[in-house]
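Good morning, everyone, and thank you for making time for this.

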Amino acid sequence: MTNVTIGAPPTDKAMTAEKHPATRSKLSRQRLRSAWIFLTPMLIVLALVAGWPLVETIYYSFTNASLSNIAGAEWVGLRNYYEYVDYGDGEGEYFGLFFDSQWWNAVWNTVYYSAISVSIETVLGLVFALVLNAEFKGRSFVRAAVLIPWAIPTIVSAKMWAWMMNDQFGILNDMLMTVGLISAPVAWTANPDTAMWAVIIVDVWKTTPFMALLILAGLQMVPGDVYEAAKIDGIHPVEVFWKVTLPLIRPAILVAVIFRALDALRVFDLIYVLTPNNTDTKTMSVFAQENLFQFDKFAYGSAASTFLFLVIAMITLLYIKVAKLDLGGGR
């Protein structure tokens, strides 16, 4: 159907398009051509700022590049990923990213951090969204206040929480000791048992408003007539939530989860500032940055960055497949 003004008689052009499929096909081609004209500049910029660095990173992962000699990098194949060194006495040893225990520890830390933090943020975000969607006095002020943690830069949030969790003068220890939950100060960001949970707490505090905002947008799209009908039928609010609200906002929740998961899998600044040089919280991004710039293993760091890209891509594709997300906008 061609676009016509509601309430107005169809134009001759619209009637012609309806009668002749060839004309309709011509209009579709014109729309497609116009879309590509508008999208091309953005795609070019995206290719320059994202595509080209990615290609270079993948290339350097197959070389022996270093910060002091990037231009003179030589091709070494899969040596940064996989290499077997024969010691000549019948024994040998495997080297490379695939056999690096520190790398796999970083992978585990990243996946663990992402799964726990995103799960908690989704549940809390749903609760906050339901509260913010209700009618009450001062709702606009509460909505604005909830977004404050998300608006604070991550570096500032990490530094602020690092002071609050300090074992000597941190307010968190003082509060917990006052109510009797702990008997002695805890080094939250240095203790192996609490370091990861300290990072998760800070991340949940900062990013839950983002999840709430996305889920709230989905709640705003639910027709009010549905709840009116449920109220008239005398259906319990809990049953309405599980059988009406949750299925209707499921697409919004799935989109929010994938956006947040992508951000969590590549986390760097929060870990780098809150728990620097801590193997218990080191993520794939931190591992790659250390090898790229601190250890002068540019090629090895590029291999880690490439593998990080592949891990995120595979998890994203798997999530889209399992969740059956329709990214094409079809119905």
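Predicted model: local features only at pLDDT ≥ 70, side-chain atom pairs only at ≥ 80, totals over all residues.

The largest nonpolar core has 36 residues, and the ones with the most contacts inside it are Tyr113, Ile249, Leu270 and Leu274.

Phe62 brings us to the aromatic rings. The structure holds 20 aromatic pairs, and I will show you two of them. In the pair of Phe62 and Tyr81, the ring centres are 5.5 Å apart and the planes stand at 45 degrees, so this pair is tilted. Both residues sit in the loop between helix 2, at 21-60, and strand 1, at 83-86, and yet they are 19 residues apart, so that the pair links distant parts of the chain. Are these two residues buried or exposed? Phe62 is buried, and Tyr81 is buried as well.

The other pair, Tyr82 with Tyr94, is also tilted, with 5.8 Å from centre to centre and 40 degrees between the planes. Here Tyr82 is in the loop between helix 2 and strand 1, while Tyr94 is in strand 2, residues 92-95, and the two are 12 residues apart. Tyr82 has a relative accessibility of 41%, so it counts as partly exposed, and Tyr94, with 40%, is partly exposed too. Phe62 and Tyr81 also belong to one aromatic cluster, whose other members include Trp75, Trp103, Trp104, Phe287 and Phe307.

Now to the charged side chains. Arg260 and Glu121 form one, with their closest N and O atoms 2.6 Å apart. This pair links distant parts of the chain, Arg260 being in helix 10 and Glu121 in helix 3, 139 residues apart, and both residues are buried. The two are also part of a network of salt bridges that links Glu121, Asp203, Arg260, Asp263 and Arg266. Lys282 and Glu290 meet in another salt bridge, at 2.9 Å from N to O, and these two are buried as well. By contrast, Arg79 and Glu83, whose closest N and O atoms are 3.8 Å apart, are not buried: Arg79 is partly exposed at 45% relative accessibility, and Glu83 is partly exposed at 28%.

Turning to the surface, we find a nonpolar patch that includes Leu32, Trp36, Leu39, Met42 and Leu43, and the whole patch has about 980 Å² of accessible area. Leu43 lies in helix 2 and, at 36% relative accessibility, counts as partly exposed.

For a sense of distance across the model, look at Asp233, which is in the loop between helix 9, at 224-232, and helix 10, and which is exposed, with a relative accessible area of 61%. Asp233 and Ser305 are 72 residues apart in sequence and 56 Å apart in space, taken from C-alpha to C-alpha.

Finally, the backbone. Most residues other than glycine have a negative phi. Asn277 lies in the loop between helix 11, at 269-274, and helix 12, at 284-294, and is exposed, with a relative accessible area of 69%. Asp296, again not a glycine, has a positive phi of about 55 degrees too. Asp296 is found in the loop between helix 12 and helix 13, the latter at 298-323, and is partly exposed, with a relative accessible area of 34%.

Notes. Residues numbered from 1 in each chain as written. Heavy atoms only, no water. Helix = DSSP H or I, 4+ residues; strand = E, 2+ residues; numbered from the N terminus. Buried < 20%, exposed > 50% of the residue type's maximum accessible area, 1.4 Å probe, protein only. Phe/Tyr/Trp six-rings, centres within 6.5 Å; stacked < 30°, edge-to-face > 60°. Core = buried A, V, L, I, M, F, W, Y, C linked by side-chain atoms within 4.5 Å. Patch = residues over 30% accessible without salt bridge, like charges linked within 9 Å, V, L, I, M, F, W, Y side chains within 5 Å. Areas by Shrake-Rupley, 256 points an atom, 1.4 Å probe, with all protein chains shown as cover. Salt bridge = Lys/Arg side-chain N within 4 Å of Asp/Glu carboxyl O.
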